[in-house]
Every structure is written in structure tokens, then in C-alpha cells.
Amino acid sequence: KVLGYVEEGKKQGAKVECGGARHGSRGYFINPTVLTSVTDENICAREEIFGPVVCVFKFKTEEEAISRANNTTYGLGSAVFTKDLSRALRVQRQLQAGLVWINCYGTDDVRVPFGGVKESGFGREMSEYAIDNFTQIKAVRIAVASQ
């Protein structure tokens, strides 16, 4: 399925800078893949691929980058890479994503909630916010005879 996205992305004008093929002959492993020349309409920009594929986009302004990042029906996670922490904090407030990494990507901590917005899901995994997903609340009322 992941390679299908890459192949369709190439048909739609994306250029594979590296990767884009199976790794080995056993299992379902794919080489890390970097795509450039990806338009906002390209399937690789519009879908959640859930594989080792990254699309590189050029932008001129911060506002353009934010608008393009939010122009999707998904919102699981996003990342901001910059030397300017004030900019990173300003941008993350505007990104429509359940998790924003700053100057890193994919790091997990059980204390930090993880989950998406929009069509990327609801609820949270990990952290105290996830407890409700794994428990059921039951109310019990007992009538006690008065003496």
C-alpha cells in the first residue's frame, strides 16, 4: 500500500530523491523515501501514508506554510524545524494537529498524550488522558433501609 502511494505520487509529478522501493525480499519493509516536486493536490500530500515517506515542500512565507499544512482533512501530527523558538511556538498554535513536534519527529513519551484531530481520529493514547479509553465507569445506587 505504501509503495502504491509512492507510485501514484510519481505519476502525479513527485520526484523520488531517495528510497521509493522495497528493502530486501522478505517482509513488508520499504526504504525511507524522500519526495520532492510534490504539489498540494498530490496523493502523497493529501493522504496519511503511515510509512517511511516524507514530502518536501518549498514555501515563501510562514503564513503560506501554515495554510498549506492545514489544507488537509487529516491532523495526526506535524513538525516544525527552526532555530527560532518563538516562531516555532507561534506556528504550532496555528497548526491543526493533535501533536506538534518541534525540532524533532516521532519521539514518544508515555506522559504525553497522542492522538489526532479532524479525520485522524479522536481521543488520546498514552498519558492520563487515555485512561478513560480503557476503563468503564459504573454507578451503583443502594437503597439502605432506615432503622
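Trainee: How much space lies in the largest pocket, and which residues are the closest to its centre?

Mentor: Bear in mind that this is a predicted model. The space in the largest pocket comes to about 1,700 Å³. Its lining is made up of 44 residues, and those closest to the centre are Cys 55, Phe 57, Gly 77, Ser 78 and Ala 79.

Trainee: Which element gives the most to the lining of the largest pocket?

Mentor: Several elements supply at least two lining residues each, namely α2, β3, α3, β4, β5 and α4. By class, the lining holds 24 nonpolar, 11 polar and nine charged residues. The element that gives the most, with seven residues, is α3.

Trainee: Why do the buried residues of α3 line one face of the helix?

Mentor: The buried residues in α3 are Glu 62, Ile 66 and Asn 70. Seen down the helix axis, these residues fall within an arc of 60°, so they line one face. In general, an α-helix has 3.6 residues a turn, so residues three or four places apart point the same way. As for what the buried residues of α3 pack against, the partners are α4 and β7.

Trainee: What is the volume of the second largest pocket?

Mentor: The residues lining the second largest pocket include Lys 1, Arg 22, Tyr 28, Phe 50 and Pro 52. By class, its lining divides into seven nonpolar, two polar and two charged residues. The volume of this second largest pocket is about 160 Å³.

Technical notes:
Residues are numbered from 1 along each chain as its sequence is written. This is a predicted model: local features need pLDDT of at least 70, side-chain atom pairs count only at pLDDT 80 or more; totals for chains, interfaces and linings use all residues. Side-chain values use heavy atoms; hydrogens and water are left out. On a 1 Å grid over the protein atoms alone, a cavity is a set of points where a 1.4 Å probe fits but cannot get out, and a pocket is an open set with protein on both sides within 12 Å along at least five of seven lines; lining residues have an atom within 4 Å of a point. Grid points are joined across faces, edges and corners, and a volume is the space filled by probe spheres set on the points. Helices (H or I, at least four residues) and strands (E, at least two) are DSSP runs, numbered from the N terminus. Ala, Val, Leu, Ile, Met, Phe, Trp, Tyr, Cys and Pro count as nonpolar, Asp, Glu, Lys and Arg as charged, and the others, Gly among them, as polar. Buried means under 20% relative accessible area, exposed over 50%, partly exposed in between (1.4 Å probe, protein chains only). The arc is that of the directions from the helix axis to the C-beta atoms. Contact means heavy atoms within 4.5 Å.
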